[in-house]
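Try each one on the sequence and the 3D view before you read the solution.

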Amino acid sequence: MSLPYAEPYKIKMVEQIYRSTQKEREQWIEEANFNLFNLRSEQVFIDLLTDSGTGAMSDKQWSAMMLGDESYAGASSYFKLKKAIKNILGFEYFLPTHQGRAAENVLFSTIIKEGDIVPGNSHFDTTKGHIEFRKAKAVDCTINEAFDTTLDFPFKGNIDINKLEAVLKKYPKERIPLIIVTITNNSSGGQPVSMENLKQVKIIANQYGIPVFFDSARFAENAYFIKMREKAHEHKSIKEIVKEMYSYADGMTMSSKKDAIVNMGGFIAMRSEKLFRDASVFNIMFEGYITYGGMSGRDMNALAQGLDEGTEFEVLEAGIKQVEYLGNKLIECGIPIQFPIGGHAVFIDAKRFLPQINKEEFIAQTVAVELYIVGGIRGVEIGTILADRDPETRENRYPGLELVRLAIPRRTYTNSHMDYVAAVCKKIFDTRHEAKHGLRIVEEAPIMRHFTVKLEKIK
Ligand code: F0G
């Protein structure tokens with residue numbers, strides 16, 4: 001008999017959380033204008049809004065923080081991080097930033113101009129926001145398989161090479177400053193990109209002379225899936241796979257708050273010394289001097305340690321198995337989710353959950369609000385609200401998928417919490433036919449509206 005899986009860690013510190021009542025939550029969500037970002041964290045029982053900066057650091061990371069060097073220039077913590085980036089990811093040059101979007105801001109300020117085209121696989125919202133803010137265009141070249149949540153396909157994050165080539169053919173090289181491959185592909189359900197696909201993208205990019213950057217927030221999970229699903233790599237270590245993945249990139253932007261399991265931090269890394277020098281100017285303007293960017297010495301120490309631990313198979317397996325645990329529970333209850341189950345989150349397919357609600361009434365947000373009211377669970381809408389309006393027509397963009405993401409912070413919750421989440425989902429699913437209407441927008445910002453949007457229930 002094989003023994004069940006158990007996590008390779010124990011818990012040294014706990015944080016009390018408040019179990020509110022449904023009556024309290026009904027009032028709070030109304031006060032929050034049906035926007036889950038507006039809730040105070042004490043009003044949330046299980047917070048699955050994001051896995052970003054919400055994971056539990058290890059004892060080794062906490063002790064590395066005590067050794068942080070807070071010197072303004074040339075801190076030893078900077079060199080520790082530089083060494084980790086060189087050893088694990090293979091890049092010679094890097095610039096620290098306070099988080100992932102800051103890395104995008106610095107890099108894009110250096111290389112993107114008005115009218116440019118940036119192909120990629122479902123660019124993350126901050127990435128797209130930073131591209132569109134510069135009056136450039138993000139072109140989604142994700143494979144079509146990604147948009148069918150029922151389809152079992154091992155690498156739904158992949159770039160469609162034909163779609164990519166069509167873009168590279170259509171526009172002159174001068175208008176395509178880079179190709180961005182997001183690993184794993186967050187917006188299409190935490191889905192991985194295969195090694196073969198990364199290699200193909202690089203081959204074609206080389207033919208057209210365009211640099212390739214990886215948006216790397218969940219690069220280690222991507223490596224885990226390559227090991228588990230791509231035969232040629234099954235016997236390699238995560239660190240070996242990561243090294244090969246980055247051999248197909250000219251650079252990367254990184255939100256360290258996910259796979260490097262720190263609360264804050266990011267960076268840009270690259271091979272080109274010229275790009276490093278050009279980007280340094282913007283880094284100094286927006287983030288801080290080049291040896292700390294937006295980070296304190298202790299944060300750089302925790303990140304260096306986190307990069308090392310986060311690329312260990314056992315650490316990745318524990319996180320991904322918990323996501324799988326929740327996903328399988330939801331499948332058992334008949335709840336429609338994105339399949340295969342993603343690396344950092346379970347994505348509920350809201351269109352199949354509430355087929356009677358019109359897309360104009362924000363289906364995924366409607367499900368997310370119910371999860372909060374019934375169980376105090378905070379997920380996040382990855383649907384029409386997040387997709388924003390088209391910058392030219394100002395019409396709502398209706399994405400192929402309306403998802404509610406339940407992101408699982410690393411090492412933060414137990415599987416009893418996951419059982420509870422599954423029970424709440426089931427309770428709502430069992431009474432789903434009673435839902436008649438969704439929500440309408442009362443007020444919204446011109447870009448990245450999901451953070452501050454105000455909504456009301458349609459009666
Ligand atoms: N790229 C990807 C793929 C991301 O998932 C994120 C953040 C960023 C870039 C931006 O990084 O937050 O450090 O500025 N994703 C978080 C999430 C917010 O909840 O998925 P950041």
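**Exercise 1.** Sort the lining of the second largest cavity by class: how many residues are nonpolar, polar and charged?

*Solution.* Start with the list: Glu7, Tyr9, Ala318, Gly319, Gln322, Ile408, Pro409, Arg410 and Arg411 line this cavity. A cavity here is a set of points on a 1 Å grid over the protein atoms alone where a 1.4 Å probe fits but cannot get out, and lining residues have an atom within 4 Å of a point. Next, sort them: Ala, Val, Leu, Ile, Met, Phe, Trp, Tyr, Cys and Pro count as nonpolar, Asp, Glu, Lys and Arg as charged, and the others, Gly among them, as polar. You end up with 4 nonpolar, 2 polar and 3 charged residues. The space inside is about 60 Å³, taking volume as the space filled by probe spheres set on the points, with points joined across faces, edges and corners.

A word on the ground rules: this is a predicted model, where local features need pLDDT of at least 70 and side-chain atom pairs count only at pLDDT 80 or more, while totals for chains, interfaces and linings use all residues. Numbering runs from 1 along each chain as its sequence is written, and side-chain values use heavy atoms, leaving out hydrogens and water.

**Exercise 2.** How many cavities of 30 Å³ or more does a search of the whole structure find, and what lines the largest?

*Solution.* The search gives 3. Residues along its lining include Asn35, Phe37, Gln365, Glu381, Ile385 and His450. By class, that lining has 6 nonpolar, 4 polar and 1 charged residues.

**Exercise 3.** Where is Ser20, and which residues does Ser20 contact beyond four places in sequence?

*Solution.* Ser20 sits in the segment before helix H1 (22-31). Its contacts are Arg25, Trp28 and Gln43. Ser20 counts as buried because its relative accessibility is 12%.

Conventions. Helix = DSSP H or I, 4+ residues; strand = E, 2+ residues; numbered from the N terminus. Buried < 20%, exposed > 50% of the residue type's maximum accessible area, 1.4 Å probe, protein only. Contact = heavy atoms within 4.5 Å. 1 Å grid on protein atoms, 1.4 Å probe; cavity = no way out; pocket = protein on both sides within 12 Å on 5 of 7 lines; lining within 4 Å.
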